[in-house]
Amino acid sequence: MKKTILVFGLISGAVSSLMMVATVPFMHQIGFDKGYYLGYTAIVLSFLLVFFGIRSYRDNVGSGQITFAKGFAVGILITLISCAFYVGTWEILYFTVLHDNFMDKYGAYMLDKLKASGASAAAVQAQMQKLQEFKAQYENPFFNIAMTFIEPFPVGLVITLISAAVLRRKPQAQMAQTPVTAAR
């Protein structure tokens, strides 16, 4: 089980990390709206390896059989490894490459979007205050890690639940010997 989880978890984590490195530094050029879709698409693609990991475990280790519980265990462990890569990559990017300007650009985007919706000056001021508080909280690595972890984990959890349910196979009952099968 360990080998399957490690192989598929590492591949999934590498995919999510590479996609993040390839897109996040250019988020302000891509556009934050498009960036959300691109980011979650990359997360879903990386978590497709959960399905393949459970299937590989079922076919190669479980002799074609796997319970929902075992499939869930394999899938959630692959998900956790992938999330660890995602969080680690974000922490490195955020505190090195993006640290000086990412939150400012994101804040400006959020305020522009709020102004374009016709919000009052008081609402814009309140949002600006919330963004400043969030930026200060994001400087705490533990808060940053927690917020980053809750981005991909729910997606991985859903894919794990679906994959474990779809791929489960119970052991087939032994065929009762009949005179026809006993003669073979």
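Guide: Let us begin with the lining of the largest pocket, whose residues divide into 19 nonpolar, 5 polar and 1 charged, where Ala, Val, Leu, Ile, Met, Phe, Trp, Tyr, Cys and Pro count as nonpolar, Asp, Glu, Lys and Arg as charged, and the others, Gly among them, as polar. The model is a predicted one, in which local features need pLDDT of at least 70 and side-chain atom pairs count only at pLDDT 80 or more, while totals for chains, interfaces and linings use all residues. Residues are numbered from 1 along each chain as its sequence is written, and side-chain values use heavy atoms, with hydrogens and water left out.

Visitor: How much space lies in the largest pocket, and which residues are the closest to its centre?

Guide: Rolling a probe the size of a water molecule over the atoms shows where empty space is left. A pocket here is an open set of points on a 1 Å grid over the protein atoms alone, where a 1.4 Å probe fits, with protein on both sides within 12 Å along at least five of seven lines, and lining residues have an atom within 4 Å of a point. The largest pocket holds about 580 Å³, the space filled by probe spheres set on points joined across faces, edges and corners. Of its 25 lining residues, Tyr-36, Tyr-86, Trp-90, Phe-102 and Glu-151 are the closest to the centre.

Visitor: Which helix gives the most to that lining?

Guide: Helices are DSSP runs (H or I, at least four residues) and strands likewise (E, at least two), numbered from the N terminus. By that reading the protein chain has 9 helices and 0 strands, and α3 gives the most to the lining, with 8 residues.

Visitor: Is Gly-107 buried or exposed?

Guide: Buried means under 20% relative accessible area, exposed over 50%, and partly exposed in between, with a 1.4 Å probe and protein chains only. Gly-107, which is found in helix α5, counts as buried because its relative accessibility is 8%. Its C-alpha atom is separated by 8.8 Å from that of Lys-135, 28 residues apart along the chain.

Visitor: What is the phi of Ser-63 near, and where is Ser-63 found?

Guide: Most residues other than glycine have a negative phi. Ser-63, however, has a positive phi, near 55°; Ser-63 is found in the loop between α3 and α4 and is exposed, with a relative accessible area of 64%.
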